[in-house]
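Me: Please go through this chain with me, from its overall fold down to single residues.

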Amino acid sequence: IPAVAYILNGVLSTLPFFINVLIVQATLWFSFGVIGVSLFKGGFWTCNDPAIPDEAACVGEYTKQVMGALGPYSVNVTRAWLNARFHFDNIGQALVCLFICEVGKGWTSIMANAMDMTPPHTSMRFMTSPANAVYFLVYVLVSRFFLTNLYVALTLDR
């Protein structure tokens, strides 16, 4: 029991420092969120028919090949102009995307969507904007490595 009390006392003594790092982290999240909205707002929309280049042409139906248990078959699908599951159209969604980037699970698909981004009202195309990856790489480096190491250093220092 004394060992548990020692560990608990050490964790509680670092709490004020954790709050300072948390404030830095929140500032970083909000700053990158605002930058992400200004860079990527409206850019993750696309037609569910990959052959359609823009929003105006994304109407009607198309035939899609689907693999079933007995082999491939055709299905008529209504075209729809859809946004990606994770996007930067508002600050709330941007913060969700940044949290995913910081946690590390699924951030590469968000980065791939940003790299496929085209001007508004046009469908995403593969590797149209590869320079957008810099935003995600800088954020991941700063948040996952620098801030995580700050938390670890505070814990070990106390």
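The questions below move from the whole chain to its aromatic rings and then to one loop.

Me: What kind of model is this, and how are its residues numbered?
Reply: This is a predicted model, in which local features need pLDDT of at least 70, side-chain atom pairs count only at pLDDT 80 or more, and totals for chains, interfaces and linings use all residues. Side-chain values use heavy atoms, with hydrogens and water left out, and residues are numbered from 1 along each chain as its sequence is written.

Me: In what order do the elements of the chain run from the N terminus on?
Reply: Helices (H or I, at least four residues) and strands (E, at least two) are DSSP runs, numbered from the N terminus. The chain has five helices and four strands. Their order is α-α-β-β-β-β-α-α-α.

Me: What is the radius of gyration of the chain, against the value that the globule rule gives for 158 residues?
Reply: The radius of gyration is taken over C-alpha atoms, and the globule rule is 2.2 Å times the number of residues to the power 0.38. The C-alpha trace spans about 70 × 40 × 20 Å along its principal axes. The chain is more spread out than a compact globule, because the rule gives 15 Å and the radius of gyration is 22 Å.

Me: What percentage of the residues of the chain count as buried?
Reply: Buried means under 20% relative accessible area, exposed over 50%, and partly exposed in between (1.4 Å probe, protein chains only). Of the 158 residues, the buried part is 31%.

Me: What share of the contacts between residues at least 6 apart in sequence joins residues at least 24 apart?
Reply: A contact means heavy atoms within 4.5 Å. Among the contacts between residues at least 6 apart, the share that joins residues at least 24 apart is 64%.

Me: How are the rings of F44 and F88 arranged?
Reply: Rings of Phe, Tyr and Trp (its six-membered ring) pair if their centres lie within 6.5 Å; planes under 30 degrees apart count as stacked, over 60 as edge-to-face and the rest as tilted. The whole structure holds 12 aromatic pairs. For F44 and F88 the centres are 6.0 Å apart and the planes at 80°, so the pair is edge-to-face.

Me: How many residues apart in sequence are the parts that the pair of F44 and F88 ties together?
Reply: F44 is buried at 0% relative accessibility, and F88 is buried at 0%. F44 lies in the loop between α2 (15-40) and β1 (45-47) and F88 in the loop between β4 (81-83) and α3 (91-103), so the parts tied together are apart in sequence by 44 residues.

Me: Which residues do ring pairs link into a cluster?
Reply: Y135 and F136 also form an edge-to-face pair, because their ring centres are 5.1 Å apart and their planes at 85°. Y135 is buried at 8%, and F136 is buried at 1%. The cluster linked by ring pairs is F32, F40, F44, F88, Y135, F136 and Y139.

Me: Which residues does N132 touch, not counting those up to four places away in sequence?
Reply: N132 is in the loop between α4 (107-115) and α5 (133-157). N132 counts as buried, at 16% relative accessibility. Leaving out residues up to four places away, N132 touches F40, A114, M115 and M117.

Me: Is H121 buried or exposed?
Reply: H121 lies in the loop between α4 and α5. H121 is not a glycine, yet has a positive phi of about 70°. Its relative accessible area is 53%, so H121 is exposed.
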